[in-house]
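Below is a briefing on one protein model, arranged by topic. Please read it alongside the sequence and the coordinates.

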Amino acid sequence: MTALSVKSNTAEWLKERKLYIGASDAPAILGLTPNWRSARDVAKDKMTDFEPVMEEENKFFKRGHVLEPLVKYMYMEKTGYELVDAPMYKHDTYSWMSATPDAWINGDGFEALLECKTANRYTKHDWVDVHDEDGDEYFVVPLKYWVQVQHQMAVINQDKVYVAVMFAGEDLFDMLVQMLESGEDLGSVYKLAKDVVEFEVIEVERDEEFITKLIKIESEFWSSVESGVLPVELKYMSDSGAVRVANYDEECMLTDLKTSYLQKLLAEEDFEECARRVREAIGQDSGIYSDFIGKVTYRKSRAKRTTNWKSLAQDVMAKYVQADEQDELTSRYTTVSDVSRRFCFPYQYWKQN
């Protein structure tokens with residue numbers, strides 16, 4: 001590994017990252033972050049020349065960045081180990097691979113990498129697994145983060161990474177971010193947070209077999225980037241065609257999905273009933289007003305004029321374009337969208353059961 005002389009979370013660091021596949025790029029390249037970032041997004045970022053934008057503009061990136069010192073503080077308080085800031089590294093053999101771990105752990109001859117995470121307490125089930133017939137639970141790292149730290153270990157040639165994760169609700173996270181941004185002392189924020197958040201440290205060991213496969217995939221991806229070829233856009237991971245039996249974590253997710261859907265239906269029914277009663281109360285008037293609620297109106301909408309451009313184009317083409325040229329002209333303005341996957345669930349069954 002080779003340490004690079006750029007400071008983390010700076011404009012220079014963001015610009016430097018465009019020259020490599022970083023640890024946070026790896027899950028996207030493998031299709032593990034479909035609702036956030038795809039392999040195509042990563043490729044576009046590496047291939048374009050525009051100035052990178054600080055990720056902290058996104059609420060969740062900002063939260064992770066601002067709360068990272070607090071997560072580190074909690075780790076040091078829990079373990080007694082000291083932490084040292086880590087620079088950006090690149091792989092000595094695969095010069096397109098880089099990693100910027102959150103810290104080095106030092107103490108009593110012990111040295112390893114630390115990765116800091118924050119997670120909503122409602123997603124805690126993603127971090128828990130059952131490992132015996134008694135149903136005992138233990139913490140694991142979700143796959144997208146597991147891939148991220150395997151990439152780090154590949155670049156920096158380490159055997160293990162410790163992932164420190166803080167669980168809390170969004171309101172509490174927002175409050176902690178606001179306190180730290182306002183200049184509140186880190187120790188004072190820790191005294192408040194330690195009794196109201198849940199904190200776990202998870203050890204992740206190096207998986208040599210997976211790293212070999214990961215490097216092969218990333219190498220092919222980088223060759224495409226250098227050739228200027230974008231990967232095919234898939235909104236979700238490839239579809240094997242198999243429908244399998246759910247494991248314990250997936251049973252929990254399916255139960256949450258069903259419960260949320262039924263609650264959504266009840267909420268929609270309640271809203272429609274309330275809206276009907278308000279419309280009746282408004283009657284012949286245009287609306288009603290409350291100092292506490294604001295203005296609610298029930299008015300006629302304006303008539304809208306719309307043009308069926310497709311039919312218009314067909315009529316114009318039929319009138320002015322020769323029949324043997326129509327197919328060629330149509331194909332010139334026809335695009336085929338990337339194939340995506342549809343999310344379906346047995347909602348009719350849920351309503352009845």
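The protein has 12 helices and 12 strands, where helices (H or I, at least four residues) and strands (E, at least two) are DSSP runs numbered from the N terminus. This is a predicted model, in which local features need pLDDT of at least 70 and side-chain atom pairs count only at pLDDT 80 or more, while totals for chains, interfaces and linings use all residues. Residues are numbered from 1 along each chain as its sequence is written, and side-chain values use heavy atoms, with hydrogens and water left out.

**Overall**

- Of the 353 residues of the protein, 32% count as buried; buried means under 20% relative accessible area, exposed over 50%, and partly exposed in between (1.4 Å probe, protein chains only).
- Among contacts with a separation of 6 or more, 70% come from residues 24 or more positions apart, a contact being heavy atoms within 4.5 Å.

**Nonpolar cores**

- In soluble globular proteins, nonpolar side chains tend to be buried together.
- A nonpolar core is here a set of buried Ala, Val, Leu, Ile, Met, Phe, Trp, Tyr and Cys residues joined through side-chain atoms within 4.5 Å.
- The largest such core holds 32 residues, and Trp127, Ile156, Val163 and Phe221 touch the most other members.
- At least two residues of this core come from each of helix H2 (25–29), helix H3 (39–47), strand S6 (110–120), H5, S9, strand S10 (198–205) and helix H8 (208–226).
- A second, separate core has 27 residues, including Leu67, Tyr162, Met166 and Ala193.
- Leaving aside neighbours within four places in sequence, tryptophan 127 is in contact with Lys117, Ala119, Tyr138, Phe139, Val140, Val141, Pro142, Tyr145, Val163, Val165, Phe167 and Ile202.

**Helix packing**

- Two packed helices are described by the angle between their axes and the distance between the axes.
- Axes are lines fitted to C-alpha atoms, for helices over the stretch in contact, and angles run from 0 to 180 degrees between N-to-C directions.
- The axes of helix H4 (residues 59–79) and helix H7 (residues 186–193) come within 10 Å and cross at roughly 70°.
- H4 and H7 are therefore roughly perpendicular to each other; angles under 35 degrees count as roughly parallel, over 145 as roughly antiparallel, 65 to 115 as roughly perpendicular and the rest as oblique.
- On the H4 side the contact is made by Pro69, Leu70, Tyr73, Met74 and Glu77, and on the H7 side by Leu186, Gly187, Val189, Tyr190 and Ala193.
- H5 and H8 pack at an angle of about 90°, with axes 10 Å apart, which makes H5 roughly perpendicular to H8.
- In this packing, Trp146, Val147, Gln150, His151 and Ala154 in H5 meet Phe210, Ile211, Leu214 and Glu218 in H8.

**Strand pairing**

- Two strands pair if DSSP finds at least two bridges between them.
- An open sheet of 3 strands has the order S1-S3-S4, with antiparallel pairing.
- Its edge strands are strand S1 (2–4) and strand S4 (98–99), each pairing on one side only.
- Strand S3 (residues 88–90) and S4 run antiparallel and are joined by 2 bridges, and tyrosine 89 has alanine 99 in S4 as its bridge partner.
- Strand S11 (residues 287–290) and strand S12 (residues 294–297) run antiparallel with 4 bridges, forming a hairpin with 3 residues between them.

**Loop residues**

- Glutamine 158 lies in the loop between helix H5 (143–156) and strand S9 (160–168).
- Glutamine 158 counts as buried because its relative accessibility is 16%.
- Not counting residues up to four places away in sequence, glutamine 158 touches Trp104, Glu111, Ala112, Leu113, Met153 and Arg206.
- Proline 87 is found in the loop between strand S2 (82–84) and S3, and is partly exposed, with a relative accessible area of 26%.
- With residues up to four places away in sequence not counted, proline 87 touches Ala3, Leu4, Ala99, Thr100 and Pro101.
- The C-alpha atoms of proline 87 and proline 101 are separated by 7.5 Å, the two residues being 14 residues apart along the chain.

**Cysteines**

- A search of the whole structure finds 0 disulfides, a disulfide being a pair of cysteine sulfur atoms within 2.5 Å.
- Cysteine 116 counts as buried at 10% relative accessibility, whereas cysteine 274 counts as partly exposed at 42%.
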